[in-house]
Amino acid sequence: MAPSRTRPAVLLASIGVLVAVMSLATVLGPAQISAGQVARSVFRWIPFVGDPVLSPQSQAILWQLRLPRIVLGGLVGGMLALAGAAYQGVFRNPLADPYLLGVAAGAGLGATVAIGARGSGFPALLVPLAAFVGAVIAVGITYALGRTVGNRTATTLILAGVAVASFFTAIQTYVQQRNTDTLREVYSWILGRLSTTGWREVIIVLPYMVVSAAVILLHRRLLDVLSLGDSEAESLGVDASRVRLTVVAAATLGTAAAVAVGGLIGFVGIIVPHAIRLAAGWSYRVVLPLSLVFGAAFMVIADVAARTLVAPAELPIGVVTAFFGAPFFILVLRTTRDAL
Amino acid sequence: MSEVRLAGVGVELGGRQVLSDVDLLVRSGEWLGLIGPNGAGKTTLLRVIANALPSSGSVTIGGRVVATRKEMARLIATVPQRPSLPPMMRVAEYVLMGRAPYLSYFGSERSDDLAVAADAMAALDLNDLVGRNLGELSGGEQQRVLLARALAQRTPVLILDEPIASLDVGHQQLVLELVESIRVSRGLTVLTAIHDLTMAAQFCDRLALVSGGRVVAEGSASSVLTVRTIRQHYGADVRVMDDGSGGIVVIPVRDSEVGRDRGTIVGGHEYSSDR
């Protein structure tokens, strides 16, 4: 009997769902652009299919606003769901999310400092970079602390993460109090938002996410072995600490990139992997690839809701994911007590 | 050759000497039972042998010091005392994990790995359970699944830490018979930490009594299991009897009974207390 794996048909169907969701998202928005117009514009390089039927303005809305944002939403959602599933695997903890080891607090501090420093000439473009650096530093400190405390177990790391997150949050709150004029902007960043300036953000985060996702996906079998616990994994010849370090490093890199361009979008990293487990089984060979695809689809849908529900204003996307995510999560908890 | 040899092994944990100066030889193809009171160091000793704990002294498997975790996992399969059995994992997937020592870091199982796992499941009569979830199994079924995973590791040495601790007498017997049958059919060297002295005497070729971090007695069941030794190291009063067919039976005796007329023993005769 073969091990669990994502059947090609299931993976193809899932990707089909994602493509459908993304296509739908291109035609939804305050500016009316039909599906036919989108298709013609996308395939305009094919002779006889693509007529330039869109006005230059619609063309710009489609190519410089909607599509980059949809793609960015997909990347951020897929990355957060994949990183969440990976964290749940290495920590054997169903409530682990990508922010567990201090990514959120570190990124929050980085962004707050950068936003606050704008008055003194710090370029706004570098806010994502500051968030990224803050996130990586926070997790780095967590890992270093977890190692020095002794036995390097998952619990030690989680506790170190709690301490580091509290410390960074304290500093962030202090910095924020000192710069009350940027309070609103910091608050909006913390609630999560996907705003793009053309394809720039996509291009910036793509390399990190590709590397991160590839490394995590390559560890899918080893994450299954780790589900037996460190000592049993090691009795099977698997270096549990090394697997954990590698997967956490990859997940942190991808999460930091996602947070840098999307702010702190909650719940995706928990609910998507659990929904996949409920529907498709426990094995990380299934949970990881499907979390990537459905995390992307979930975020694209959430972003459509965020930009259309109260148009022309926008809801913070973190509010949308939590508003739909929290009740769904409770439902998952009620129905999958045994599976977690 | 898969003999396990320990020479001058010591372990210190948190400033406490848990094992001291342990010399032990488990011959190839032999079943050695580690007995001893709670906290004596049996599990620690098993972990040292499997290279899961750093120690002083030397441990060799088949005459060699094993350096890497992966090499060790190809020589020794361990069934822990409290194994982790993810409830949603299927039996076949769990048994297949036994092939992990043979896979490269990013590799996945090939058809020969599936064949080895299938063979292990067949050997433990698990064919009807392959698609079941671990959470649905009874205690006896779980023990068979654990043994199947160990068997799928294709190691010459099998370590079992308290394999019958939570089982009823029927399942205890069944599990130990299974261990015996795979030991014989596959020529395994088996080490078992075991509390039940009668079962240990019935199934193991030799016993080693661990107490206070040292091996204090070693040899055949009849030489190790004496009333005096058991009283000294377990603080228990027992009767040690011949079961009539060459085996040994250890029966606890309540304090009030000690020294009383012990009556007639049916189906056997009393062993000399001080052998």
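Residues are numbered from 1 along each chain as its sequence is written, while chains are lettered from A and ligands numbered from 1 in the order in which they are written. Because the model is predicted, local features need pLDDT of at least 70 and side-chain atom pairs count only at pLDDT 80 or more, whereas totals for chains, interfaces and linings use all residues.

Let's start with confidence, where pLDDT is the predictor's confidence in each residue, from 0 to 100. Chain A has a mean pLDDT of 86, with 92% of its residues at 70 or more. Helices here are DSSP runs (H or I, at least four residues), as are strands (E, at least two), numbered from the N terminus.

Now to the place where the chains meet. Contact between two residues requires their C-beta atoms, placed from the backbone, to lie within 7 Å. By that rule, 25 residues of chain B are in contact with 22 residues of chain A. On the chain B side, the elements that give two or more residues are α2 (69–75) and α3 (91–96) of chain B. That side divides into 17 nonpolar, four polar and four charged residues; Ala, Val, Leu, Ile, Met, Phe, Trp, Tyr, Cys and Pro count as nonpolar, Asp, Glu, Lys and Arg as charged, and the others, Gly among them, as polar.

Within chain B, take a look at α1 (residues 42–49), where seven of the eight residues are buried, meaning that 20 or more other C-beta atoms, placed from the backbone, lie within 10 Å of a residue's own. The buried ones are K42(B), T44(B), L45(B), L46(B), R47(B), V48(B) and I49(B). Just after α1(B), N51(B) takes a positive phi of about 65 degrees.

Finally, helix packing. Helices α4 (residues 111–123) and α5 (residues 139–152) of chain B pack at an angle of about 140 degrees, with their axes 8 Å apart. Axes are lines fitted to C-alpha atoms, for helices over the stretch in contact, and angles run from 0 to 180 degrees between N-to-C directions. The contact is made by V116(B), A117(B), A120(B), M121(B) and A123(B) of α4(B) with A148(B), L151(B) and A152(B) of α5(B). These divide into eight nonpolar, no polar and no charged residues.

Conventions: Buried ≥ 20, exposed ≤ 12 C-beta atoms within 10 Å, placed from the backbone.
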